[in-house]
Amino acid sequence: MQIDDTDRQIINALQTGFPIAPRPFALAAERLGLAEGDLIARLARMKDAGIITRFGPFLDAAAMGGAFCLCAMEVPPAQFEAMTRTVNSFDEVAHNYARDHRLNMWFVLATETPAGITETAARIEAATGLPVFQFPKLKEFFVGFRVAA
Amino acid sequence: MSISPQDRALIKACQAGLPLVPEPYAQIAKQLDMTQADVMNRLEVLLGQGVIRRVGIAPNHYKLGMAANGMTVWDIDDAQAEELGALVGAMEDVTHCYLRPRKRPVWPYNLFAMLHGSTRDEVEEKRQHIVQLLGSAVRAHDVLYSTQILKKTGLRLASKGAT
């Protein structure tokens, strides 16, 4: 689907701060100069088309007692597909990206306890026979949320 | 920090996304046998505590034509890393910025900054701004472009309570 300038404004405006109110879409629509029904329809269309991957509350695993950890592996190219299936089969793997580097597979583990990270990494090492390098965030620099559509 | 069973149920009801109806919180309340006021109140509390980081849209960069995704990585002296990381994080083009541990000898980098663009040339141009900003504080740097999304589901709570 093609998105128009109104869709772009919606994406730019609603990455954070969606109202918590009885009629939140009406409030957000008013700020954008749209009708409530139009905003809802546009969000539904963009969600169906995959332009919006998710809409709603975003959780901080750490604040809930859990943890996130970026991890990387050096996967032999010949085994890449098979290893992708193995790694992706873990529910704790939230995202996984192929990247062009010696460390060519980068994934994020999300677990409900901090101990779950190391434990899951060890299970992935056992399942793949490859070392899992863990890159936990030591400090996050807050950048806001701003993907300009 | 532990969360109550009721908050857990609320988060579970919301985590796949808010219903796209005029009164989404009322619909969730009905599902959970709560009042709309309770749902809104608990969401505000969780937002204040940071359990919920934000409420809004997660756009798909790729579908928006931002096909190039570069994870730029930098080896910065630890003594300067926090100060310079804050400067990089404040740059308009940087969408995520973290300090992470090195894994020598495989991985000498400690500062990670994510850049997006419609082409790699665009990302390269943005990366040059960081090069200029960091100047001689950089010992080594690299950029890792993503070549494929292998999985993207986001955080999902398991059905049962945390152990």
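How far apart do the end C-alpha atoms of residues 69-141 of chain A lie, and what share of the span is helix and strand? The ends lie 16 Å apart, and the span is 32% helix and 33% strand. Helices (H or I, at least four residues) and strands (E, at least two) are DSSP runs, numbered from the N terminus. UniProt places the feature "domain: Siroheme decarboxylase AsnC-like ligand binding" (unreviewed entry) at these residues. UniProt positions follow the numbering used here, feature names are shortened, and annotations may be inferred rather than shown by experiment.

The model is predicted: local features need pLDDT of at least 70, side-chain atom pairs count only at pLDDT 80 or more, and totals for chains, interfaces and linings use all residues. Residues are numbered from 1 along each chain as its sequence is written, chains are lettered from A and ligands numbered from 1 in the order in which they are written, and side-chain values use heavy atoms, with hydrogens and water left out. The predictor's confidence in each residue is its pLDDT, from 0 to 100. Chain A has a mean pLDDT of 92, and 95% of its residues reach 70 or more. Within chain A, confidence is lowest in strand S1 (residues 52-59), at a mean of 90. It is highest in strand S5 (residues 133-135), at 98.

In chain B the annotation covers residues 7-53. There the chain is 66% helix and 4% strand, and the end C-alpha atoms are 15 Å apart.

A nonpolar core is a set of buried Ala, Val, Leu, Ile, Met, Phe, Trp, Tyr and Cys residues joined through side-chain atoms within 4.5 Å. Buried means under 20% relative accessible area, exposed over 50%, and partly exposed in between (1.4 Å probe, protein chains only). The largest core holds 41 residues, of which A:Ile10, A:Phe18, A:Leu39 and B:Tyr25 touch the most other members. Elements of chain A and chain B each supply at least two residues of this core, including helix H1 (5-13) of chain A and helix H1 (5-14) of chain B. Apart from it lies another core of 21 residues, among them B:Ala68 and B:Ile130. Contact means heavy atoms within 4.5 Å. Leaving out residues up to four places away in sequence, B:Tyr25 touches residues including A:Phe18, A:Pro19, B:Leu43 and B:Val55.

Aromatic rings also pair. Rings of Phe, Tyr and Trp (its six-membered ring) pair if their centres lie within 6.5 Å; planes under 30 degrees apart count as stacked, over 60 as edge-to-face and the rest as tilted. The count is 10 aromatic pairs over all chains. The rings of A:Phe18 and A:Phe55 have centres 4.9 Å apart and planes at 80°, so this pair is edge-to-face. A:Phe18 lies in the loop between H1 and H2 of chain A, and A:Phe55 in strand S1, 37 residues apart. Both are buried. A:Phe135 and B:Phe112 form a tilted pair, 5.9 Å centre to centre with 55° between the planes. This pair crosses between chains.
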